[in-house]
Structures are given as structure tokens and as C-alpha cells.
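Okay, thanks everyone, let's get going.

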Amino acid sequence: MMPNRIRRGLVWSLGALAIVALAGLVGWQVQRVGTGRGVAAEALTKLGGPWTLTDQTGQPRTDRSFPGKLQVMFFGYRYCPDICPTELQAIAETLDLLGADASQVQPLFISIDPQRDTPAALAEYTALFDSRILGLTGTPDQVTAMATAFRVYYARIDAKDGGADDYLMDHSAFVYLTDRTGAVAGVAPPGTKPADLAGLIRTRLKS
């Protein structure tokens, strides 16, 4: 049985962190789901690539681990106070809207905070939203390599007079959609409605 989710109304203050546009893609048009406008094809080809991480069960995963499935990716971290729970909840609702089609989709939550986000901690966190969301972490070098490939911005912000684990992570907050081969097929901006994201996914499932 699917674990209970954070209730639908969970929206924490968005003022704590600056949400930065896709690093390296400034000036490119981010896909506006549902408007018919999108990132140019040549821009999407510059995103993504091979990656290797560890999932929340401790098993190694790569960009080839989900053959035949679309991947819905979100980069964030477990201690994120606002945008991460909001976007993960939206992804969970998107899966519900997809119904049986959700079996053809693998949602991934990639941690940008490998220091604190252990596999076990990610398993507990993703279960708060939907058991189908798979948490991924890795070494700092592995996380940096994947974030760089997807043009994900993130930076550590240490708390004044805080301890070694007392910090926040500033980061971009786009949702990436890959096709069945693992190539990036779309980028949805923060705040995309679940119905619109589900529509984008259904379009890709037909192609």
C-alpha cells in the first residue's frame, strides 16, 4: 500500500532561497507546459548525459537503469524548506493523474546534498510523497557531474556560527523529462501544475 503523502495543501514560504534559472541556459526559453512553446530542440540536446549514482536502497543506478521508461527528474535535498516538498508533491499528484500510464514513468529525486542525504534518509523522505519516487545520491563528484550535465545550479549556504551540518542549499528547481532512451525531452519550470505536467508526459508517451 502506498505510504501516506504530505497533505495537498503543503506549501511553505518560498522566500528563504533564491530560485535560479537553469545555469548555462540563460536566454533560452524554458518550456511553458500547456502553451505550446518550448525549449528549442538544439537546446535540449545540450542537456543530460551518462551518470552513475546510488539509489535509496544502496543499489547503483545509471542513466541506463530504466529502459523503456520516461524519467521525471527533480534535483533538490531533504532539508529543503520549501520548493522541494512543493515540487515532489506535484510530481506525486502527476503520477496519480496518469493512472495506469504512470507504470511507464520513473520519477527520480536527485540529492544535491550528499553529505547529509544518505540512501536510508532519502528512502524515508521520498516515502512521504509517493513510494514510486526513487531517491538518488552519490559521492560529491558524482553529484557534481550529473548536475553539470543537466545544467543544474546549486550552492551551499552556511549558517552564521553554525555547525558542520548547519547549512542550506540554494538551487534551481526545474523538472526534467527524458524520453525512453534517456535523452532530455522537456523541461518544466517550478510551479508547473500537475495536470500540465501529466499532459506533457502523455504526449511523450505517444511519441
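Predicted model: local features only at pLDDT ≥ 70, side-chain atom pairs only at ≥ 80, totals over all residues.

So, L108 has L134 in β5 as its bridge partner. The strands behind that are β4, residues 105–111, and β5, residues 134–137, which run parallel and share three bridges.

Local features need pLDDT of at least 70, side-chain atom pairs need 80 or more, totals for chains, interfaces and linings use all residues, and side-chain values take heavy atoms without hydrogens or water.

Zooming out, the sheet is open, seven strands, mixed pairing, ordered β2-β1-β5-β4-β3-β8-β9. β2 (60–62) and β9 (184–188) sit at the edges, each pairing on one side only.

UniProt, in an unreviewed entry, puts "binding site" at C80, C84 and H171. They span 92 residues in sequence, yet no two of their C-alpha atoms are more than 9.9 Å apart, so they gather at one spot. Mind you, such annotations may be inferred rather than shown by experiment; feature names are shortened and positions follow the numbering used here.

C80 is in the loop between β3 (70–76) and α2 (83–98), and C84 is in α2 itself. Buried or exposed, C84? Buried, at 0% relative accessibility, and C80 is buried too, at 3%. Buried is under 20% relative accessible area, exposed over 50%, partly exposed in between, with a 1.4 Å probe on protein chains only.

Conventions. Residues numbered from 1 in each chain as written. Helix = DSSP H or I, 4+ residues; strand = E, 2+ residues; numbered from the N terminus. Pairing = 2+ DSSP bridges.
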